[in-house]
Amino acid sequence: MILQNPVYGALTGPHASFAEVSGNARRYPAAVAPFLGLPDVLTDADWMDATELLRAGGSAAMMRPEFEVPDGIKIDRVFDLVQFTAPDDLPAADPEAVLLGVDDVPDMLALVALTDPGPFRSRTIELGTYLGIRRGGELIAMAGTRFSLPGYVEISAVCTHPSARGEGLATRLIRAVAAEITATGRHPFLHTGGTNASAIRLYNSLGFTLSNEMKVTIVSAV
């Protein structure tokens, strides 16, 4: 199932133009995202391809079910990840949500640094559509799309300034981003850390369905 290997599905599909390639290995440029993708069934040749990319670009994150690594690859960190797919009634446009662009990236990076919703880098905005809510000129909440797969698009970077939490802004932006996704004929999905109880409660309350339990594995070349 393509959702069990979303990085590879994106980089061999709709995001192929972003891919740094060595054989069967694919990775995003470091300024875009920290992810490395390999085929579903791993071979020694695939790991050799991955090693070449890792030596050229440093460590990377792999998002898939747990796996073993060969000599020459080091696991730096592993943490649990859960994946959810959206219910059909989730999408809803939001009149306060504004489209974020390149000029908004400094404010987006500042909000991400404050809230830590997951990787968001200087060129991550190139991966999809990002919506935000500003008040008094300040960006107080945002969400957007990251991995683009055949039939699916991931909701990502959901975050709210601490001063604005409890107002339901995350829910509103998730619904608004879902509306952008479904308008293209594809289905929303998302990820969160396996121990992020508050995010999991939110997604359950919105009717999301657990689709996969995976790992994020940070790897580097020895």
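**View A. Arg146 and the ring of Phe147.** The charged end of Arg146 sits over the ring of Phe147, at 4.6 Å from the ring centre; a charge counts as over a ring if NZ of Lys or CZ of Arg is within 6 Å of the ring centre and within 35 degrees of the ring normal. The model is predicted: local features need pLDDT of at least 70, side-chain atom pairs count only at pLDDT 80 or more, and totals for chains, interfaces and linings use all residues. Residues are numbered from 1 along each chain as its sequence is written, and side-chain values use heavy atoms, with hydrogens and water left out. Arg146 is buried at 6% relative accessibility, where buried means under 20% relative accessible area, exposed over 50% and partly exposed in between (1.4 Å probe, protein chains only). Phe147 is also buried, with a value of 0%. Arg146 forms a salt bridge with Glu154, with 2.9 Å between the closest N and O atoms; the term stands for a side-chain nitrogen of Lys or Arg within 4 Å of a carboxyl oxygen of Asp or Glu. Glu154 is buried, at 1% relative accessible area.

**View B. The aromatic cluster that includes Phe35 and Phe147.** One aromatic cluster is formed by Phe18, Tyr28, Phe35 and Phe147. Rings of Phe, Tyr and Trp (its six-membered ring) pair if their centres lie within 6.5 Å, and planes under 30 degrees apart count as stacked, over 60 as edge-to-face and the rest as tilted. The count comes to eight aromatic pairs by this rule. The ring centres of Phe35 and Phe147 are 5.2 Å apart with the planes at 75°, so this pair is edge-to-face. Phe35 lies in the loop between S2 and S3, and Phe147 in strand S8 (residues 138-149), so the pair links distant parts of the chain, 112 residues apart; helices (H or I, at least four residues) and strands (E, at least two) are DSSP runs, numbered from the N terminus. Phe35 counts as buried at 3% relative accessibility.

**View C. The Trp47 and Phe67 pair.** Trp47 and Phe67 form a tilted aromatic pair, 5.7 Å from centre to centre and with 40° between the planes. Trp47 belongs to helix H2 and Phe67 to the loop between strand S4 (60-64) and S5, so the pair ties together parts 20 residues apart in sequence. Both residues, Trp47 and Phe67, are buried.

View D. Three strands form an open sheet in the order S1-S2-S3, with antiparallel pairing; two strands pair if DSSP finds at least two bridges between them. Strand S1 (20-22) and S3 are the edge strands, each pairing on one side only. S2 and S3 run antiparallel and are joined by two bridges. Arg27 has Leu36 in S3 as its bridge partner. Helix H2 (residues 44-57) packs on the sheet and touches S1, S2 and S3, and its direction makes about 30° with that of S2. Contact means heavy atoms within 4.5 Å, and axes are lines fitted to C-alpha atoms, for helices over the stretch in contact, with angles running from 0 to 180 degrees between N-to-C directions.

**View E. Surroundings of Pro34.** Pro34 is found in the loop between strand S2 (25-27) and strand S3 (36-37). Pro34 is buried, with a relative accessible area of 11%. Leaving aside residues up to four places away in sequence, Pro34 touches Ala60, Ala61, Pro119 and Arg121.

**View F. Salt bridges around Asp94.** A search of the whole structure finds ten salt bridges. One of them joins Asp94 to Arg172, with the closest N and O atoms 2.6 Å apart. Asp94 lies in the loop between strand S5 (73-85) and strand S6 (98-99), and Arg172 in helix H4 (residues 169-182), so the pair ties together parts that are 78 residues apart in sequence. Asp94 is buried at 15% relative accessible area, whereas Arg172 is partly exposed at 26%. A network of salt bridges links Asp94, Glu96, Arg135, Glu167 and Arg172.

**View G. The Glu126 and Arg123 salt bridge.** Glu126 and Arg123 form a salt bridge, with 2.8 Å between the closest N and O atoms. Glu126 is partly exposed, with a relative accessible area of 41%, and Arg123 is partly exposed at 32%.
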